[in-house]
Amino acid sequence: MPHGKFPSANGGQFWLLRLGLHELQRPKEPADDWVWMIDHTVQTGNGKCFVVVGVRLAAWNARREEAVQNAPDDSFSLTHQDLSVWSIDLMESSTAENVRQQLETLSASTGITPCALLSDQGADVRKGGELFCQAPERSTVMGFDIAHAVANAVKRQLNHDPLWQQFLGDVTRCKSLIRQTPLAFLLPPELKTKARYMNLEPLLTWSRRVLAFLKNPQAGLAQAEVEIDLETLERKVGWLRQHETSMVRWSDMLEAGAIHLKYIRNHGYHRQACAELRPLLSRYREGPAQALCEECLAFIQRQSEQSGKQRLLGSSEVLESLIGRGKQLQGRNKNGYTKSVLAMAAAVTQRTTQAINAALSTVKVCNVTDWIQDHLGLSLQSQRRRALNVLS
């Protein structure tokens, strides 16, 4: 830097936030094929942050077709740079009516009516989006994310499977038995306390590897340089063998779910979706895999019926990824919403000299501070600092 001067950390942060505010406020291209993805992000403190991002169907279709042609075995996904950020607003009271009002205000202020909304199936966001779509003056359709639909189907199958509960109990007991022993290298993965169905895939991966180890334990123990008698080994991890049949059934269910996910990511919702999917699922004709296929196909059929003659985007995973990226950029602070929420919008900006110049020449630090005051108010940190300074 000239004269030995370097930007401060605070100055660098505000460059990022200015990029984000520019993305949030820039006019979006007028078109009738916008899809808005909508979701809430939650932090400690009052309210939720309502996030709206958009992608045009024409752009999604072009990217999707190119990706599927070049790598048909891969699963296509949008990137952050494929999105535009339309709204980041703190909602002190998250209700369906408030979500509808936010969408109404956004549509009125931009002059753009989306052709579709896409969300997970969270109650407030779902109902609010449906209320927005019900207005007689618009033809917007409400779509739902395929990943959440598959996850919900897996959840329902596991919740009604007593063998899954028994398996989880055995895993928990195994962890306590071997944690402080030479067999600690065989510890099962840490389990999620929420959305426990998400434990299935890592547990199955662990189980398959341990079962393979048990087929030739002496070789494995020698490689690990562990000395333990085989009777003790069998007593502490041999219980896995009684779950082998269930693991095959659960693995089939996950494979079936992955086929649904990949197809909708690559092809979207459309009138022929179920007809094209069924041959891919023909081997899953029994057990939880069959039940999952029936539920997911029924869900895809409902989504596809409203697509008309076009394909509709069926995955909002890129929005979840963007929200996760925003949390990363916010750093260790988990206490309430701060100005760093604008980092989500900055994450989608094109990293070109022209784009950065346009943003920094248009948006000043004072614009960022005004936006923070209008949309977020005082952060929990500021409230704590002010209150405790008064009390001291």
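In which crossing, left-handed or right-handed, does helix 6 pass helix 7?

## Basis of the model

This is a predicted model, in which local features need pLDDT of at least 70 and side-chain atom pairs count only at pLDDT 80 or more, while totals for chains, interfaces and linings use all residues. Residues are numbered from 1 along each chain as its sequence is written, and side-chain values use heavy atoms, with hydrogens and water left out.

## Helix 6 against helix 7

Helix 6 passes helix 7 in a left-handed crossing, a term that applies if the near helix is turned anticlockwise from the far one by less than a right angle. Contact (heavy atoms within 4.5 Å) is made by W164, F167, L168 and V171 of helix 6 and by L200, L203, W206 and S207 of helix 7. These residues divide into seven nonpolar, one polar and no charged, where Ala, Val, Leu, Ile, Met, Phe, Trp, Tyr, Cys and Pro count as nonpolar, Asp, Glu, Lys and Arg as charged, and the others, Gly among them, as polar.

Helices are DSSP runs (H or I, at least four residues), numbered from the N terminus.

## E66

E66 lies in helix 2, residues 57–70, and is partly exposed, with a relative accessible area of 47%, since that class lies between buried (under 20%) and exposed (over 50%), for a 1.4 Å probe and protein chains only. E66 and F76 are 10 residues apart in sequence and 9.7 Å apart in space, C-alpha to C-alpha.

How values were computed: Helices (H or I, at least four residues) and strands (E, at least two) are DSSP runs, numbered from the N terminus.
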